[in-house]
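Student: I have a new model open on my screen and would like to talk it through with you. Could we go over it together?

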Amino acid sequence: MLNENIPYFKCLVRRSHLTHDVKDENIYDNAYAFAIQSVTQKILTFHIMTDYGMVRSRVPISEIFIKEPKNDIPFYYKQLWDCFDYNVAVVKYSFLLEKRCQVLLRDKTKVWATYLFTVDWYDNPYSDEPTDYKPGHVLVADDGYLLCMPNNRIYWRDSNWVTVEFPMDRKNLKVDKTLLAVESVADKWIAEDTDSFYYDINRINK
């Protein structure tokens, strides 16, 4: 769906985005971000409510912060790919909760960040194509700005589990080329035509 609830969080919104006045560029308003909006081929945006009672929609991820940044980066560094579709799901992976990671930016510099939640697009030509599929992990960079990055731009850290060096040249890892379908063998296997709860699957002898 176009709009999805998220695990809401307290944040800062750059006032210049709200006023379109460059004099407000270093002023930040307190807010809660409570939902996202995904528009095809546009940056990920948020629905927010300020502490003075204004709800604002379509606030770009680039204008939302957890703390005032000291070394902010351009908006096109914060999200590698535009949203793939209006159809999007939100999930907060328990396993990744508050996990630390290093993020490889567009210019190949790295920044440290912490996991927040994940957006995952579906039912579009890119997400349905195995070689093009990408989720977007929303992360909080140590400098306070948000990021939305795919798997192949994130190097996760865990003091107990991630304890060995990368065992190969990263260039040797390839994208998925297929997504297996177990019913693709329907020409070889068939269910028995009965009302039995424990029906058999039988090989077709041809």
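Tutor: Happy to! Keep in mind that this is a predicted model. Let's start with Arg14: its relative accessibility is 9%, so Arg14 counts as buried.

Student: Which residue forms a salt bridge with Arg14?

Tutor: Arg14 sits in strand E1, and its partner is in the loop between strand E5 (64–65) and helix H2 (75–78), 58 residues apart from it. The closest N and O atoms of the pair are 3.1 Å apart, and the partner is Asp72.

Student: How many salt bridges does the count come to?

Tutor: A pair counts when a side-chain nitrogen of Lys or Arg lies within 4 Å of a carboxyl oxygen of Asp or Glu. Arg14 and Asp72 meet that cut-off at 3.1 Å. By this rule the count is eight.

Student: Which residues do salt bridges with shared partners join into one network?

Tutor: Take a pair such as Asp187 and Lys188 first, with closest N and O atoms 3.4 Å apart. Asp187 is exposed because its relative accessible area is 52%, and Lys188, at 41%, is partly exposed. The network joined through shared partners consists of Arg14, Glu63, Asp72 and Lys78.

Student: How far apart are the closest N and O atoms in the salt bridge of Asp158 with Lys99?

Tutor: Asp158 lies in the loop between strand E11 (154–157) and strand E12 (189–191), while Lys99 lies in the loop between strand E6 (88–91) and strand E7 (100–104), so this pair also links distant parts of the chain, 59 residues apart. Asp158 is partly exposed with a relative accessible area of 23%, and Lys99 counts as buried at 17%. Their closest N and O atoms are separated by 3.3 Å.

Student: Is Glu98 buried or exposed?

Tutor: Glu98 is found in the loop between E6 and E7. The cut-off for exposed is over 50% relative accessible area. Glu98 has 61% relative accessibility, so it counts as exposed.

Student: What is phi of His20, roughly?

Tutor: Most residues other than glycine have a negative phi. His20 is not a glycine, yet its phi is positive. It is placed in the loop between helix H1 (15–19) and E2, and it counts as exposed because its relative accessibility is 67%.

Student: Which residue has a backbone oxygen 3.4 Å from a polar atom of the Ser127 side chain?

Tutor: Ser127 is in the loop between strand E8 (110–121) and strand E9 (136–141). At 10% relative accessibility, it falls under the 20% cut-off and therefore counts as buried. Leaving out residues up to four places away in sequence, it touches Phe84, Trp121, Tyr122 and Tyr133. The backbone oxygen in question belongs to Trp121.

Student: And at the surface, how much accessible area does the nonpolar patch that includes Ile201 have together?

Tutor: Ile201 is found in strand E13 (residues 201–203). Its relative accessibility is 48%, so it counts as partly exposed. Val185, Trp189 and Tyr199 form the patch with it, and together the accessible area is about 380 Å².

Student: One last question: what separates the C-alpha atoms of Lys70 and Gly144?

Tutor: Lys70 belongs to the loop between E5 and H2, and it is exposed because its relative accessible area is 76%. Along the chain, Lys70 and Gly144 are 74 residues apart. In the model, their C-alpha atoms are separated by 8.3 Å.

Note on methods:
Residues are numbered from 1 along each chain as its sequence is written. This is a predicted model: local features need pLDDT of at least 70, side-chain atom pairs count only at pLDDT 80 or more; totals for chains, interfaces and linings use all residues. Side-chain values use heavy atoms; hydrogens and water are left out. Patches are made of residues with over 30% relative accessible area and no salt bridge: like charges are joined within 9 Å, nonpolar side chains (Val, Leu, Ile, Met, Phe, Trp, Tyr) within 5 Å. Accessible areas come from the Shrake-Rupley method with a 1.4 Å probe; for residues, only the protein chains shown count as cover. Helices (H or I, at least four residues) and strands (E, at least two) are DSSP runs, numbered from the N terminus. Buried means under 20% relative accessible area, exposed over 50%, partly exposed in between (1.4 Å probe, protein chains only). A polar contact is a pair of N or O atoms within 3.5 Å; within protein, one must be able to donate a hydrogen and the other to accept it, and residues adjacent in sequence count only if both atoms are side-chain atoms. Contact means heavy atoms within 4.5 Å.
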